[in-house]
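The paragraphs below take up selected side chains, a strand and the ligand site in turn.

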Amino acid sequence: MTSVSAEPYEFDLDPATTALVVIDMQRDFLQPGGFGELLGNDVSLLARVVAPLQRVLAAARETGMLVIHTREGHRPDLADCPPAKLTRGRAETTIGSSGPKGRILIRGEDGHDIVPELRPIPGEVVLDKPGKGAFYATDMEAVLRNRSITHLVVTGVTTEVCVHTTVREANDRGFECLVLSDCCGSYFPEFHEVGLRMIAAQGGIFGWVAASEDLLSALIPATADLGA
Ligand code: TIU
(Lines give C-alpha, C1' and ligand atoms only; values in the text may rest on other atoms or scores of the structure.)
Protein backbone atom coordinates (compact mmCIF):
# COMPACT_ATOMS: atom_id res chain seq x y z
CA MET A 1 0.00 0.00 0.00
CA THR A 2 1.29 3.46 -0.94
CA SER A 3 0.15 6.73 0.59
CA VAL A 4 -0.02 9.82 -1.63
CA SER A 5 -0.11 13.31 -0.14
CA ALA A 6 -3.36 14.76 -1.49
CA GLU A 7 -6.35 17.02 -0.86
CA PRO A 8 -8.42 16.72 1.29
CA TYR A 9 -6.19 14.07 2.92
CA GLU A 10 -3.80 11.28 1.92
CA PHE A 11 -4.88 8.83 -0.82
CA ASP A 12 -3.87 5.23 -0.12
CA LEU A 13 -3.44 2.98 -3.12
CA ASP A 14 -2.09 -0.41 -4.09
CA PRO A 15 -0.76 -0.36 -7.68
CA ALA A 16 -2.21 -3.86 -8.19
CA THR A 17 -5.77 -2.60 -7.69
CA THR A 18 -5.30 0.87 -9.21
CA ALA A 19 -5.76 1.93 -12.82
CA LEU A 20 -4.26 4.99 -14.47
CA VAL A 21 -7.02 6.49 -16.62
CA VAL A 22 -5.83 8.83 -19.38
CA ILE A 23 -8.79 10.69 -20.78
CA ASP A 24 -9.06 11.82 -24.40
CA MET A 25 -5.45 12.93 -25.03
CA GLN A 26 -6.37 13.00 -28.71
CA ARG A 27 -5.15 15.21 -31.54
CA ASP A 28 -8.77 16.40 -31.87
CA PHE A 29 -8.47 18.16 -28.50
CA LEU A 30 -4.77 19.06 -28.36
CA GLN A 31 -3.87 20.07 -31.88
CA PRO A 32 -5.16 22.72 -34.30
CA GLY A 33 -7.79 21.68 -36.83
CA GLY A 34 -9.71 19.32 -34.55
CA PHE A 35 -12.82 19.30 -32.40
CA GLY A 36 -11.40 21.53 -29.65
CA GLU A 37 -10.53 24.30 -32.09
CA LEU A 38 -13.85 23.89 -33.89
CA LEU A 39 -15.54 24.72 -30.59
CA GLY A 40 -13.66 28.04 -30.56
CA ASN A 41 -10.92 27.08 -28.11
CA ASP A 42 -7.21 27.87 -27.95
CA VAL A 43 -5.88 24.31 -28.04
CA SER A 44 -2.33 25.36 -27.10
CA LEU A 45 -3.57 25.66 -23.49
CA LEU A 46 -3.61 21.87 -23.19
CA ALA A 47 0.04 21.30 -24.19
CA ARG A 48 1.34 21.66 -20.61
CA VAL A 49 -0.37 18.41 -19.64
CA VAL A 50 1.74 16.19 -21.92
CA ALA A 51 5.13 16.20 -20.13
CA PRO A 52 3.91 15.42 -16.58
CA LEU A 53 1.54 12.82 -17.99
CA GLN A 54 4.44 11.14 -19.79
CA ARG A 55 6.22 10.80 -16.42
CA VAL A 56 3.12 9.37 -14.73
CA LEU A 57 2.54 6.97 -17.59
CA ALA A 58 6.14 5.74 -17.29
CA ALA A 59 5.72 5.21 -13.52
CA ALA A 60 2.42 3.38 -13.98
CA ARG A 61 4.05 1.07 -16.53
CA GLU A 62 6.99 0.52 -14.18
CA THR A 63 4.75 -0.44 -11.25
CA GLY A 64 2.50 -2.67 -13.38
CA MET A 65 -0.61 -0.55 -12.95
CA LEU A 66 -3.42 -1.14 -15.40
CA VAL A 67 -3.44 1.73 -17.92
CA ILE A 68 -6.63 2.75 -19.70
CA HIS A 69 -6.63 5.34 -22.49
CA THR A 70 -9.99 6.72 -23.55
CA ARG A 71 -10.92 8.39 -26.81
CA GLU A 72 -14.07 10.41 -27.40
CA GLY A 73 -15.52 9.82 -30.85
CA HIS A 74 -18.13 8.29 -33.07
CA ARG A 75 -18.77 5.66 -35.69
CA PRO A 76 -18.16 6.87 -39.26
CA ASP A 77 -21.90 6.65 -39.97
CA LEU A 78 -22.61 8.73 -36.82
CA ALA A 79 -25.22 6.18 -35.76
CA ASP A 80 -24.04 6.51 -32.15
CA CYS A 81 -23.97 10.31 -32.12
CA PRO A 82 -27.01 11.91 -30.53
CA PRO A 83 -28.50 14.55 -32.86
CA ALA A 84 -28.33 16.97 -29.92
CA LYS A 85 -24.54 16.58 -29.80
CA LEU A 86 -24.26 16.99 -33.56
CA THR A 87 -26.21 20.22 -33.77
CA ARG A 88 -25.07 21.81 -30.48
CA GLY A 89 -23.29 25.11 -31.08
CA ARG A 90 -25.00 25.69 -34.44
CA ALA A 91 -21.63 25.49 -36.20
CA GLU A 92 -21.46 24.73 -39.90
CA THR A 93 -18.44 22.49 -39.34
CA THR A 94 -19.34 19.81 -36.83
CA ILE A 95 -18.67 16.21 -35.76
CA GLY A 96 -18.11 14.17 -38.93
CA SER A 97 -17.06 17.18 -41.05
CA SER A 98 -13.77 16.90 -42.92
CA GLY A 99 -10.84 18.78 -41.42
CA PRO A 100 -7.05 18.81 -41.74
CA LYS A 101 -6.81 15.72 -39.50
CA GLY A 102 -9.61 13.82 -41.21
CA ARG A 103 -13.25 13.72 -40.19
CA ILE A 104 -13.73 15.44 -36.85
CA LEU A 105 -14.19 13.16 -33.82
CA ILE A 106 -14.63 10.07 -35.99
CA ARG A 107 -13.04 6.74 -35.04
CA GLY A 108 -10.19 5.70 -37.30
CA GLU A 109 -9.33 9.25 -38.35
CA ASP A 110 -6.00 10.90 -37.58
CA GLY A 111 -7.53 13.51 -35.31
CA HIS A 112 -9.31 10.89 -33.23
CA ASP A 113 -6.10 9.16 -32.22
CA ILE A 114 -3.98 9.77 -29.16
CA VAL A 115 -1.05 12.22 -29.44
CA PRO A 116 2.20 10.38 -30.26
CA GLU A 117 3.90 11.35 -26.97
CA LEU A 118 1.32 9.31 -25.03
CA ARG A 119 0.78 6.47 -27.48
CA PRO A 120 -0.57 3.31 -25.81
CA ILE A 121 1.66 0.25 -25.73
CA PRO A 122 0.54 -3.38 -26.12
CA GLY A 123 -1.36 -4.61 -23.05
CA GLU A 124 -2.96 -1.24 -22.33
CA VAL A 125 -6.69 -0.76 -22.75
CA VAL A 126 -7.90 1.72 -25.37
CA LEU A 127 -11.52 2.49 -24.74
CA ASP A 128 -13.66 4.37 -27.27
CA LYS A 129 -16.52 6.33 -25.79
CA PRO A 130 -19.32 8.28 -27.48
CA GLY A 131 -19.96 10.60 -24.54
CA LYS A 132 -18.10 12.69 -22.05
CA GLY A 133 -17.97 10.06 -19.29
CA ALA A 134 -15.84 6.92 -19.71
CA PHE A 135 -18.59 4.71 -18.26
CA TYR A 136 -21.49 5.77 -20.47
CA ALA A 137 -22.13 3.24 -23.30
CA THR A 138 -18.75 1.52 -22.80
CA ASP A 139 -17.38 -1.59 -21.09
CA MET A 140 -15.27 0.52 -18.68
CA GLU A 141 -16.89 -0.90 -15.56
CA ALA A 142 -16.49 -4.51 -16.74
CA VAL A 143 -12.81 -3.89 -17.57
CA LEU A 144 -12.19 -2.50 -14.07
CA ARG A 145 -14.19 -5.14 -12.16
CA ASN A 146 -12.56 -7.99 -14.11
CA ARG A 147 -9.16 -6.75 -12.91
CA SER A 148 -10.41 -6.12 -9.33
CA ILE A 149 -9.61 -2.42 -9.70
CA THR A 150 -10.94 -0.27 -6.86
CA HIS A 151 -8.85 2.92 -7.25
CA LEU A 152 -8.41 5.22 -10.24
CA VAL A 153 -5.75 7.83 -10.95
CA VAL A 154 -7.52 10.12 -13.36
CA THR A 155 -5.76 12.38 -15.88
CA GLY A 156 -6.42 13.95 -19.28
CA VAL A 157 -8.62 16.57 -20.87
CA THR A 158 -10.64 18.52 -20.26
CA THR A 159 -10.81 18.95 -16.52
CA GLU A 160 -14.36 20.22 -16.25
CA VAL A 161 -15.84 18.16 -19.09
CA CYS A 162 -14.65 14.58 -19.67
CA VAL A 163 -12.45 14.30 -16.57
CA HIS A 164 -15.18 15.60 -14.27
CA THR A 165 -17.92 13.51 -15.88
CA THR A 166 -15.80 10.37 -15.57
CA VAL A 167 -14.89 11.06 -11.95
CA ARG A 168 -18.55 11.58 -11.06
CA GLU A 169 -19.54 8.37 -12.85
CA ALA A 170 -16.74 6.45 -11.12
CA ASN A 171 -17.56 7.88 -7.71
CA ASP A 172 -21.17 6.75 -7.95
CA ARG A 173 -19.95 3.26 -8.85
CA GLY A 174 -17.81 3.07 -5.72
CA PHE A 175 -14.37 3.71 -7.20
CA GLU A 176 -11.89 5.90 -5.29
CA CYS A 177 -10.53 8.59 -7.62
CA LEU A 178 -7.33 10.59 -7.38
CA VAL A 179 -7.19 13.41 -9.95
CA LEU A 180 -3.72 14.70 -10.84
CA SER A 181 -3.89 18.48 -11.07
CA ASP A 182 -1.02 19.04 -13.53
CA CYS A 183 -1.97 16.03 -15.67
CA CYS A 184 -5.41 17.51 -16.45
CA GLY A 185 -6.09 20.62 -18.48
CA SER A 186 -8.82 22.89 -19.70
CA TYR A 187 -9.30 25.54 -22.36
CA PHE A 188 -10.47 27.69 -19.43
CA PRO A 189 -7.83 27.97 -16.68
CA GLU A 190 -10.44 29.16 -14.18
CA PHE A 191 -12.65 26.11 -14.87
CA HIS A 192 -9.61 23.89 -14.29
CA GLU A 193 -8.91 25.45 -10.91
CA VAL A 194 -12.51 25.43 -9.73
CA GLY A 195 -13.14 21.98 -11.22
CA LEU A 196 -10.33 20.54 -9.11
CA ARG A 197 -11.58 22.33 -6.01
CA MET A 198 -15.05 20.86 -6.58
CA ILE A 199 -13.67 17.32 -6.48
CA ALA A 200 -11.79 17.59 -3.19
CA ALA A 201 -14.19 19.95 -1.37
CA GLN A 202 -16.64 18.75 1.27
CA GLY A 203 -14.26 16.08 2.57
CA GLY A 204 -13.59 14.76 -0.95
CA ILE A 205 -17.13 14.70 -2.28
CA PHE A 206 -16.01 13.11 -5.59
CA GLY A 207 -12.43 12.16 -4.73
CA TRP A 208 -8.91 13.43 -4.11
CA VAL A 209 -6.59 15.88 -5.90
CA ALA A 210 -2.78 15.78 -5.91
CA ALA A 211 0.11 17.00 -8.05
CA SER A 212 1.83 14.33 -10.15
CA GLU A 213 5.04 14.80 -8.12
CA ASP A 214 3.17 13.60 -5.02
CA LEU A 215 2.09 10.42 -6.78
CA LEU A 216 5.55 9.85 -8.27
CA SER A 217 7.37 10.30 -4.96
CA ALA A 218 4.97 7.82 -3.35
CA LEU A 219 5.40 5.31 -6.19
CA ILE A 220 9.22 5.45 -6.27
CA PRO A 221 9.66 3.02 -3.31
CA ALA A 222 7.21 0.68 -5.02
CA THR A 223 9.25 0.97 -8.21
CA ALA A 224 12.45 0.21 -6.28
CA ASP A 225 10.77 -2.84 -4.70
CA LEU A 226 10.00 -4.20 -8.16
CA GLY A 227 13.65 -4.12 -9.05
CA ALA A 228 14.79 -5.70 -5.77
N1 TIU B 1 -15.09 20.69 -25.01
C2 TIU B 1 -14.43 20.18 -24.00
O3 TIU B 1 -13.93 20.89 -23.12
N4 TIU B 1 -14.28 18.83 -23.91
C5 TIU B 1 -14.85 17.86 -24.70
O6 TIU B 1 -15.66 18.12 -25.58
N7 TIU B 1 -14.44 16.57 -24.47
C8 TIU B 1 -13.53 16.20 -23.49
O9 TIU B 1 -13.40 16.86 -22.46
N10 TIU B 1 -12.78 15.15 -23.74
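Is histidine 192 buried or exposed? The model is a predicted one, and in it the relative accessible area of histidine 192 is 7%. Because a residue counts as buried under 20% relative accessible area, histidine 192 is buried. This residue belongs to helix α7, which spans residues 189-204. The side chain of histidine 192 also takes part in a polar contact of 2.7 Å, and its partner is the side chain of threonine 159.

Valine 50 lies in helix α3, made up of residues 50-63. In sequence, 133 residues separate valine 50 from cysteine 183, yet their C-alpha atoms are 7.3 Å apart in space.

The next element to examine is strand β4, residues 66-72. This strand is mostly covered, with seven of its seven residues buried.

Which strands pair with β4? One is strand β3, residues 18-23, which pairs with β4 in the parallel sense over five bridges. Within this pairing, alanine 19 has leucine 66 of β4 as its bridge partner. Another is strand β7, residues 125-129, and here too the pairing with β4 is parallel and comprises five bridges. In that pairing, histidine 69 stands opposite valine 126 of β7.

A polar side-chain atom of glutamate 72 is 2.9 Å from a nitrogen atom of the ligand. Valine 157 places a backbone N or O atom 3.1 Å from a ligand nitrogen atom. For cysteine 162, a polar backbone atom lies 3.2 Å from an oxygen atom of the ligand. Taken alone, the ligand exposes 280 Å², of which the protein buries 93%. The space that the ligand takes is the largest pocket.

How values were computed
Residues numbered from 1 in each chain as written. Predicted model: local features only at pLDDT ≥ 70, side-chain atom pairs only at ≥ 80, totals over all residues. Heavy atoms only, no water. Buried < 20%, exposed > 50% of the residue type's maximum accessible area, 1.4 Å probe, protein only. Helix = DSSP H or I, 4+ residues; strand = E, 2+ residues; numbered from the N terminus. Pairing = 2+ DSSP bridges. Polar contact = N/O pair within 3.5 Å; in protein donor to acceptor, adjacent residues only side chain to side chain. Areas by Shrake-Rupley, 256 points an atom, 1.4 Å probe, with all protein chains shown as cover. 1 Å grid on protein atoms, 1.4 Å probe; cavity = no way out; pocket = protein on both sides within 12 Å on 5 of 7 lines; lining within 4 Å. Sits in = over half its atoms within 2 Å of the grid points.
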